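Try each task before you read its solution.

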Amino acid sequence: MRVALFLTCVNDTLYPDTGRAVVKLLTRLGVEIDFPMAQTCCGQAHYNTGYRHEAEPLARHFSDVFQDYEAIVTPSGSCGAMVRELYPRMGERARAEGRGDTLAATLAPVVPKTYELTRFLVDVLGVTDVGAYYPHTVTYHPTCHGLRSLGLGDRPRRLLEAVKGLELVELPGAEECCGFGGTFAVKNPDVSAAMGADKVRHAESTGAEVLCAADNSCLMHIGGTMTRLRTGMRPVHIAEILAGTEEAVTV
């Protein structure tokens, strides 16, 4: 299977180790993975801030770059949801505005073959035990886009439960938003900070060493709150946990 890694802006700029972990993990599972150098932003930030028309050229470019691959894998629930859920909506809106079916037809090829990482592992590769080793106590936060938009369900948990050495503990209020929400955190900082503090207090109550999620944008928000509250916990993307082995343990 010829697979493309859609890394996303946040990971490319701030969390490149997550991308390296995805490549390491998928290569270990026998997947041929490519990183198209022409990839850019998927348009999510523009779309969610109300600049729908400005997001369209980015969506067209995304399709041009990725449409020839058998699958597109991303370690981001929010950007994965942008392609799978909002690209079709962009096409429908363009049609409703009398601009024809061109946009919808351009975006259609990439929508069904764009997968958030854990869905790709469980649903496409058919694995839950990826041969990982991670000797730490972990609690899992299901991010909003993964939980509500993509319907990831228990896939991330099933993957974590199969990791050798990992003790998974339940997070109280797990399905509550962490308060990031992209520009929501900028427009409503007090509310965002309060929600983040609630999430971190719940995480701290578990006694876990690590809070894990499948989206680094949420982990960035939670991690900043952990630092300010001096909890001693650390945020880790699920890809970095799944990439670990006994020969090369990730921290």
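The chain holds 13 helices and eight strands, where helices (H or I, at least four residues) and strands (E, at least two) are DSSP runs numbered from the N terminus. This is a predicted model, in which local features need pLDDT of at least 70, side-chain atom pairs count only at pLDDT 80 or more, and totals for chains, interfaces and linings use all residues. Residues are numbered from 1 along each chain as its sequence is written, and side-chain values use heavy atoms, with hydrogens and water left out.

**Exercise 1.** Find how many of the chain's residues, as a percentage, are buried.

*Solution.* Start with the cut-off: buried means under 20% relative accessible area, with a 1.4 Å probe and protein chains only. Buried residues account for 50% of the 251 residues. For the overall dimensions, the C-alpha atoms fill a box of roughly 55 × 45 × 30 Å along the principal axes.

**Exercise 2.** Work out how Phe6 and Phe66 are arranged, and which parts of the chain their pair ties together.

*Solution.* Step one is the rule: rings of Phe, Tyr and Trp (its six-membered ring) pair if their centres lie within 6.5 Å, and planes under 30 degrees apart count as stacked, over 60 as edge-to-face and the rest as tilted. A search of the whole structure gives five aromatic pairs. In one of them, Phe6 and Phe66 sit 5.8 Å centre to centre with 65 degrees between the planes, an edge-to-face pair. Phe6 is in the loop between strand S1 (2–5) and helix H1 (9–14), while Phe66 is in helix H4 (residues 52–66), so the pair ties together parts 60 residues apart in sequence. Both Phe6 and Phe66 are buried.

**Exercise 3.** Locate the charge that lies over the face of Tyr115.

*Solution.* The test asks for NZ of Lys or CZ of Arg within 6 Å of the ring centre and within 35 degrees of the ring normal. Arg84 lies over the face of Tyr115, 5.5 Å from the ring centre.
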